[in-house]
Amino acid sequence: MGTLLAFAPFIAFAVIDRLIGPTEGLIAGALTSAALLIRDWASAGKTPKILEVGTFILFGGLALYALLVGLTWSIVGVRLRVDAGLLIIVLITMAVGRPFTLQYAREQVAPELWASPEFIRTNYVITGVWALAFAVLVIADLILLYRPDLSPRLGIFLTIAALVGAVKFTSWYPERKAVAGKI
């Protein structure tokens, strides 16, 4: 559940972007990110997560740019920047040896499993699947940006399929590993 809650800023962005506009969506994403960070700092035993910090920087930076410079991007252009930013955050967590799912998984398993190579490998796999899902979002955004004649439903379909697939995999894969006795 913690991993899914970390995507609340993106949901807030998507909803407000669609209903009001891209700048307001970016502000909603930044405020939601800030709320998650404050929640973690204020809760005993919780620490801010890499994804949440990165998300705050992403939305905060884009919102600040939009307010100071004036946003001239299309809705698809803003989504492309947000989705690409998210993909970059996820890839960086893997590159620095701390896949973003690791922090969430440690809240759900016994500390003696944290250093297990299988536990760490499982989190790399799950984080990799999320990276793949975000790459699909970026590709969908690029398709819609450069082929505006195509139906926006294509982007919506690809986005939903990618995210639902990543959510289902995130639930299924650790259970499969546990049943096999590897975690």
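Helices here are DSSP runs of H or I with at least four residues, numbered from the N terminus. The structure is a predicted model, in which local features need pLDDT of at least 70 and side-chain atom pairs count only at pLDDT 80 or more, while totals for chains, interfaces and linings use all residues. Residues are numbered from 1 along each chain as its sequence is written, and side-chain values use heavy atoms, without hydrogens and water.

Let's start with the largest pocket. Helices H2 (8-19), H5 (75-95), H7 (117-146) and H8 (152-179) each give at least two residues to the lining of the largest pocket.

Now to the aromatic rings. Rings of Phe, Tyr and Trp (its six-membered ring) pair if their centres lie within 6.5 Å; planes under 30 degrees apart are stacked, over 60 edge-to-face and the rest tilted.

| Pair | Centres | Planes | Type |
|---|---|---|---|
| Phe-10 and Phe-59 | 5.0 Å | 55° | tilted |
| Tyr-65 and Trp-73 | 5.3 Å | 15° | stacked |

Phe-10 sits in helix H2 and Phe-59 in helix H4 (residues 50-70), so their pair links parts 49 residues apart in sequence. Buried means under 20% relative accessible area, exposed over 50% and partly exposed in between (1.4 Å probe, protein chains only). Phe-10, at 11%, is buried, and Phe-59, at 0%, is buried, whereas Tyr-65 is partly exposed at 39%.
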